[in-house]
Amino acid sequence: MTDQKGLPPSPLPAEGGDHGSLRSRAVTVQSRGGPSTELLIEATGLHTFYGVSHILHGVDFSVRKGETIGLMGRNGMGKTTLLKTLLGLVRPREGMVKVRGMDMTQSATHAIARRGIAYVPEGRGIFPNLSVRENLVMAARAGVDGRREWDFDRVIHTFPRLGERLSNGGAQLSGGEQQMLTIGRALMTNPDLLILDEATEGLAPLIAREIWSIIKTIRASGIATVIVDKNYAAVMALANRSVVLVKGRVVFSGDSSELSDNQELMHRFLGV
Amino acid sequence: MKDSRLTQYLPYLVVGLLALFPLVESTFYMQLLTKVLILAIFAMSLDLLVGYTGLVSFGHAAYFGLAGYALALMAPKYETVSLWWSLPASIGVCALFALITGTLVLRTRGIYFIMVTLAFAQMLFFIFHDTKLGGGSDGIYIYAKPLMKLGEIEVANLEKLEHFYWLVLILTGATYLLLHRILGSTFGRALLGIKVNEHRMRALGFPVFKYQLASFTLSGALAGLAGYMAAVQYGFVNPEILSWHQSGAVLMMVILGGMGTLYGSVIGAFAFVLLQEVLSNQAWFGIAAKHWQLAMGIFIMLVALYMPQGLAGLAQKFRRKPAEEAADE
C-alpha cells in the first residue's frame, strides 16, 4: 500500500469544522447511505509507464457502486493516466484492474466499457461529423443488468439545450453544449460508473455551474462517478471520498471533508 | 429549403435518363457508360473504406481483379457459365480474401496501412503475373458471357450490349442503395465515429476492430462485384486489372468526386473517365493527347488544392445557405 494517509475508504461521519466546509459536509451527510459495498472497480498496485517515464507508482484505486469520488492532484500527477489505465487505453506494466470482480487488466477497452463504465475524456469527445441526435443514438445500449433507464428522451429532458439542436452537427455546438453532448452520450450507455475528466475545463462559470448541477442529478440517480476537476471545492462538495495523487502516488484517500477541513493537507497536496 | 425537391428527385431523374440511354446510342458510348458505371461501383466500395471508415487503401484493385480471375478460372473454357452462381461465388472469394487480409492489415494505421494494402495487392499481381495459374501476363479470355436464365426463360442476354448495360445500371443503383442504407444505420454512424477517433469509440464500448473488419470485407466484396462485371464486359482478365495503377485510379475517382459522400464516387468515376477520354482525344489535343496523364495529374492536383471536398463538395457549396456555411467554420 502506498497510501501515506491511510484512511479507510468508506465515508466517515462528518466532524466539527470551520465555517468554510459547512456546505461540503452537508452533502457528505446526505449521501452517506448511498454507496453499497459492491466494488465496480478495484485496481491494485498499478505501475504505468509512458515509454521510460514511470507515471503511476503502485496506485490502489477502487470505486463502489453508487459512490462519488473526487480524483485530485495538480497537473501531471497521473490523474488522466490512472483513468486511462483503468479503461485499458494504457496498459499497466504491473498491477491488476478488476471490474466487477473480474480481472480485466489485459482486456480490450470496449469490453471494459461494456461492463458498465462510461468515460468522458478530457477535451470534448464529440463526433463532429455526426449530428447531435446521431451522436446520442449511436451510443444507446442497455446497462449491464439490462437496465434502460437512460434513453434518448431522458437525456434530452436532462439537457434541454441539446433538444434544441438535434440536427446540428457536433462541431456547431458551443463548448458547454459539446460537453453536455459527451455526458449525454455516456449516459446513453446506461453505465454504473461515469468517469468525468475535466468536464468543466474552459467553460464559462455559468455553463460550468450547469454542468455541476447535472453531475449532481446523475449522482442522485445512483450512478457512481469519478470526477477530475480543477475546481476542488466543487469536487469535494459532491464527492463521498477524495483521492489525491502526487507524482503518481496516492497520498490521500478518504472522506472529502477530512481533506477540505485540513488547510495544511490542501496546501501540501494541491497547492491551495 | 427551396431546392429540396430538386435534390430529392435528381437521382431518379439521372437514373431514368441513364436507363433510356440505349434507345439513342447503341455502341461506343453505351460501352463507355457501362465502364463508367462499373467503376462507380468500384469507387463506392472504396469510399466506404476511405470516406466513411477513415482507412486509405492503396490496394483496392486486388479485390476488383480477383473477382475477374475468379470468374475466368471458374468458367469452363468454351461453355457458358451461369451468372446465378458465378457472381456470388466470385464475390464470396473476394469477401473471404478481404476478411483474411483485413485481419492482418487492420493492425496497422496511416501510412503503414497504405503500404500493407499495396503490398497485398502487389503479391496478388505477381501471383497472376509470374505463374501459369491465370495465364501469366497474357491473362485469360472469357469467351462467353455468363447466362441469366430462370428455368427455360432467359432473363437477360448479356451478349447484347444494352442488356448488359441495364444490368450494370441496376447493380450500380443497388450498390448505392445498399451502402446508403448501411451507412445510415447505427453501424454506419459507428464507422464515422471510428474515422474521427478510434479511442473514443472504444471507450464508448464499440469493438472497433470488428467494425473495421466488417467494413473492409464489405468493401472488398463490392469491389469484387465491380471486378466481375468488368471481366464480363472486356471478355478477358490480365494482371493489369489488379495492378497498383488501377488502385491509384480508383482512389483518384473517390478523391475527385469527394470522399464520404457516396454519390461523389459516382460523379468521380464519370469525371475521371470523361477526362481521360477528352484529354486523350488526338483530334482536340494533338500530340498532347498522348501525354494525357500529365494533364490529368495537373487537374487532380488542382482539385486537391482548391476543392478538397471534391466535385460533390462543389455541388454542396452551391446548394447550401451562407448561414450554414458560417456556422460550420
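Tutor: Let's start with burial: a residue is called buried if 20 or more other C-beta atoms lie within 10 Å of its own. Bear in mind that this is a predicted model. In chain B, buried residues make up 44% of the 329 residues.

Student: What radius of gyration does chain B have, and what would a compact globule have?

Tutor: A compact globule with 329 residues would have a radius of gyration near 20 Å, and chain B agrees, at 20 Å. Its C-alpha trace spans about 60 × 50 × 45 Å along the principal axes. As for the make-up, chain B has 15 helices and four strands.

Student: Now the sheet in chain A. What is the order of its strands?

Tutor: This open sheet has six strands with mixed pairing, in the order β6-β7-β8-β3-β9-β10. At the edges stand β6 (117-120) and β10 (249-255) of chain A; each has a single partner strand, so one side of each is left without a neighbour in the sheet. From one strand to the next, the twist averages 15 degrees.

Student: In which sense do β7 and β8 of chain A pair?

Tutor: They run parallel, with five bridges between β7 (residues 193-197) and β8 (residues 224-228) of chain A. For example, Leu196(A) has Ile227(A) in β8(A) as its bridge partner.

Student: How many residues does each chain give to the contact?

Tutor: Counting residues here, chain A gives 19 and chain B gives 17. On the chain A side, α3 (109-113) and α4 (132-139) are the elements that give two or more residues. By class, that side has ten nonpolar, six polar and three charged residues.

Technical notes. Residues are numbered from 1 along each chain as its sequence is written. Chains are lettered from A and ligands numbered from 1 in the order in which they are written. This is a predicted model: local features need pLDDT of at least 70, side-chain atom pairs count only at pLDDT 80 or more; totals for chains, interfaces and linings use all residues. Two residues are in contact if their C-beta atoms, placed from the backbone, lie within 7 Å. Ala, Val, Leu, Ile, Met, Phe, Trp, Tyr, Cys and Pro count as nonpolar, Asp, Glu, Lys and Arg as charged, and the others, Gly among them, as polar. The radius of gyration is taken over C-alpha atoms; the globule rule is 2.2 Å times the number of residues to the power 0.38. A residue is buried if 20 or more other C-beta atoms lie within 10 Å of its own, exposed if 12 or fewer, and partly exposed in between; C-beta atoms are placed from the backbone. Two strands pair if DSSP finds at least two bridges between them. Axes are lines fitted to C-alpha atoms, for helices over the stretch in contact, and angles run from 0 to 180 degrees between N-to-C directions.
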